[in-house]
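Hi everyone, thanks for having me. Let's look at a protein together, going from the whole chain down to a few single residues. Please have the picture open while I talk.

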Amino acid sequence: MLTNVEEMLKACMYIRKVYVNEFYSYFKEENYSPNEIDILLFLHNNPNINTSMQLCVCLNVSKTLVSRSIDSLIKKKLLISKKDEKDKRIQHLLLTKESNTIIKKIVSLKDKINEELFKDISPEEFEQTEKTLNKIRSCLDKKIRRDAL
């Protein structure tokens, strides 16, 4: 069993490495870091998960790296920071209209990579993988809730 989990984790890390390399190669002339690309894509796909702390947790990246990337994206006018109306300590990160061009490029490249990498995997195989990952996530959630008590 442990070997299966280790192999799954290795596969996920390997997939991430391929994406990072592809994105870095494609965008290196435009001076975007892999983390900046991750943040832009994440905010595009998850507009309601938009604080730096949430980004740290969801992207599994340090506060320092997220903060540095956010500052850079704000300077590039791709993000703005807006105070929460109820809690002024919270800053929400919002994509600007200027970010649309780079986001379109990111999404297009992601789709191209997906098509190339996964062309031999059927929709049924993806569906089964998703079901399995959801079961694993559910087991992990239960453990986390038990440990929190």
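Predicted model: local features only at pLDDT ≥ 70, side-chain atom pairs only at ≥ 80, totals over all residues.

Overall, the protein has six helices and two strands. Along its principal axes, the C-alpha trace spans about 45 × 45 × 25 Å. The protein has 149 residues, and 23% of them are buried. Now take the contacts between residues at least 6 apart in sequence: 54% of those join residues at least 24 apart.

Let's zoom in on two helices. Please find helix 2, residues 34-45, and helix 4, residues 63-75. How do they cross? Their axes come within 9 Å, at an angle of roughly 75°. An angle from 65 to 115 degrees counts as roughly perpendicular, and therefore that is what we call helix 2 and helix 4. On the helix 2 side, the contact is made by N35, E36, I39 and L40. Helix 4 brings L65, V66, S69, I70, S72 and L73. What kinds of residues are these? Six are nonpolar, three are polar and one is charged.

Let's stay with E36, which sits in helix 2. Is E36 buried or exposed? With a relative accessible area of 6%, E36 is buried, because the cut-off for buried is under 20%. A polar atom of the E36 side chain lies 3.0 Å from the backbone nitrogen of S33. If we skip neighbours within four places in sequence, E36 is in contact with N31, S69, S72, L73 and K76.

N31 is in the loop between helix 1 and helix 2. Its phi is near 65°, which is a positive value in a residue other than glycine. N31 counts as exposed, at 57% relative accessibility. There is another asparagine to find, N60, in the loop between helix 3 and helix 4. N60 has a positive phi too, of about 55°, and it is not a glycine. At 71% relative accessibility, N60 counts as exposed.

Next, the cysteines. How many disulfides does the structure hold? The number is zero. For C56, the nearest cysteine sulfur is that of C58, and it is 9.6 Å away. A disulfide needs the two sulfur atoms within 2.5 Å, so C56 is in no disulfide. C58 is in no disulfide either. As for accessibility, C56 counts as buried, at 11%, whereas C58 counts as partly exposed, at 41%.

My last stop is L117, in helix 5, which covers residues 99-117. L117 is partly exposed, with 39% relative accessibility. Which residues does L117 touch, if we leave out those up to four places away in sequence? They are V18 and Y19. Also look at I15: it is 102 residues from L117 along the chain, and yet their C-alpha atoms are separated by 9.4 Å.

That's my tour, and I'm happy to go back to any of these places with you.

Key
Residues numbered from 1 in each chain as written. Heavy atoms only, no water. Axes fitted to C-alpha atoms, helices over the stretch in contact; angles between N-to-C directions. Helix = DSSP H or I, 4+ residues; strand = E, 2+ residues; numbered from the N terminus. Parallel < 35°, antiparallel > 145°, perpendicular 65-115°, else oblique. Contact = heavy atoms within 4.5 Å. Nonpolar A, V, L, I, M, F, W, Y, C, P; charged D, E, K, R; others polar. Buried < 20%, exposed > 50% of the residue type's maximum accessible area, 1.4 Å probe, protein only. Polar contact = N/O pair within 3.5 Å; in protein donor to acceptor, adjacent residues only side chain to side chain.
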